[in-house]
Amino acid sequence: MCHDHAFAFTAPYSRREFVRLAGLLSASAGSATLLGGCTPRQPDPDEPVRVGYLPITDAAPLLAMHGLGYLEAEGLSAEKPRLFRSWSQLVEAFVFGHVNVVHLLSPLPIWMRYSAQVPTRIVAWSHVDGSALTVAPDITEVSDLAGRTVALPFWYSVHNVLAQRLLREAGLNPVVSARDARGERDVQLVVMAPSDMVPALKAGQIAGFVVAEPFGALAESLGAGRVQRLSGDVWKEHACCVVTMHDRDIEGRPNWTQKVVNALTRAQLWLNSHPAEAAHLLSAEGEQRYTPHKPAVLGRVLQHELPAQYLQSGAVQHPEWQERRIAFRPYPYPTYTEELVRQLREVRVEGDTTFLQRLDPAQVAREVVTDRFVTQAMQAQGGPAAFGLSGYSRTETFSAPAQGPV
């Protein structure tokens with residue numbers, strides 16, 4: 001059944017975020033002023049660590065390495081991490097050098113490097129999994145989203161990849177533009193700031209969203225929605241956000257970069273073993289007040305055991321994977337980057353995607369990602385096993401092949 005109100009949601013931020021960032025990167029492409037000066041400046045060896053982040057659990061390692069004093073333990077000076085409200089604001093600050101260590105949606109560095117020639121690279125993963133398809137209480141199956149609206153944080157996101165995969169498997173047709181046909185099996189996808197998603201779900205403006213935590217947990221705690229499917233149950237241990245730096249820092253001051261990554265991996269190890277303390281550290285009740293979230297909401301995300309009802313409801317369909325809601329595993333597997341490029345070619349997004357068709361996935365994995373710093377840092381912390389990993393290679397695992405209209 002097609003819902004008459006399904007496509008009535010026309011709030012301006014449904015496209016503003018993407019258009020703003022696309023315009024920024026297009027204007028920056030090939031520009032000598034890319035990093036905020038007439039020519040790219042050489043990094044100051046003593047320049048402090050300036051973290052930029054969004055108030056989501058993806059930022060936890062960056063915030064913990066600051067809050068626990070791990071940066072200072074490496075002999076680095078650090079400013080208090082700077083909070084941004086949208087991906088476009090964060091990317092703009094990063095591109096122009098106002099912050100120098102950020103977490104970005106995993107496809108963003110690919111778009112930035114190849115579509116806009118922004119000289120940046122991934123130095124580690126921020127975490128694995130940590131997102132969910134969260135739906136309104138009246139939705140019981142993914143197929144119930146037919147004719148409804150689902151929000152995403154950005155077109156170039158693993159959330160878009162996973163959302164479209166789930167919709168196609170349910171026989172639904174993802175629609176990214178209001179100009180597209182509006183059939184009974186269509187689902188309108190819109191870009192929305194993460195902090196706006198729970199209020200929009202509660203108000204009935206959208207029927208669901210796929211985004212980083214803790215917004216799924218927040219919707220649960222408020223009774224505004226429920227988790228339909230955990231993202232890590234669709235693509236096993238997928239990267240959501242990645243830690244990204246400028247090439248000028250990576251190449252111009254490798255010792256500084258190594259020390260930052262050392263602090264980052266140490267923070268991830270701590271996060272994996274201290275979920276309750278981490279929830280308090282990151283919360284509005286913590287000393288630094290890094291995020292506006294309550295410890296109880298963050299605790300839902302960081303706890304190791306998943307609620308039993310997730311197995312009963314189908315939110316978890318692969319208990320044998322033994323996935324947590326979120327885990328902090330820093331190694332950036334090349335196979336993930338390669339598969340991400342292939343997946344991005346298949347999903348619908350707004351804007352010009354021709355650059356994706358020219359990319360060689362293996363070359364992207366070599367050029368966009370550097371693992372030399374994180375490998376050394378992990379070895380100092382006990383190697384892959386200390387992070388729950390079996391080694392430095394893996395095979396990408398999905399729940400089931402995507403089906404249905406594309």
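Two strands count as paired if DSSP finds at least two bridges between them. The model used in these exercises is predicted.

**Exercise 1.** Give the strand order of the five-stranded open sheet, and find which strands stand at its edges.

*Solution.*
- Step 1. The order is S2-S1-S3-S12-S4. The pairing in this open sheet is mixed.
- Step 2. Strand S2 (82-83) and strand S4 (120-125) each have a single partner strand, so one side of each lacks a neighbour in the sheet. These two are the edge strands.

**Exercise 2.** Work out how S1 is joined to S2, and name the bridge partner of tyrosine 53.

*Solution.*
- Step 1. Strand S1 covers residues 51-53. Two bridges link S1 to S2.
- Step 2. Apply the cut-off: at least two bridges make a pair. S1 and S2 run parallel.
- Step 3. Tyrosine 53 has leucine 83, in S2, as its bridge partner.

**Exercise 3.** Decide whether the residues of strand S6 are buried or exposed, and sort them by the way they point.

*Solution.*
- Step 1. Buried means under 20% relative accessible area.
- Step 2. In S6 (residues 131-135), five of the five residues are buried, so the strand is largely enclosed by the rest of the structure.
- Step 3. Ser131, Leu133 and Val135 point one way. Ala132 and Thr134 point the other way.

**Exercise 4.** Find how S6 pairs with S10 and with S11.

*Solution.*
- Step 1. Five bridges pair S6 with strand S10 (residues 208-212) in the antiparallel sense. Here leucine 133 stands opposite valine 210.
- Step 2. Strand S11 (residues 226-230) also runs antiparallel to S6, joined by four bridges. Threonine 134 stands opposite valine 227 in S11.

Key. Residues are numbered from 1 along each chain as its sequence is written. This is a predicted model: local features need pLDDT of at least 70, side-chain atom pairs count only at pLDDT 80 or more; totals for chains, interfaces and linings use all residues. Side-chain values use heavy atoms; hydrogens and water are left out. Buried means under 20% relative accessible area, exposed over 50%, partly exposed in between (1.4 Å probe, protein chains only).
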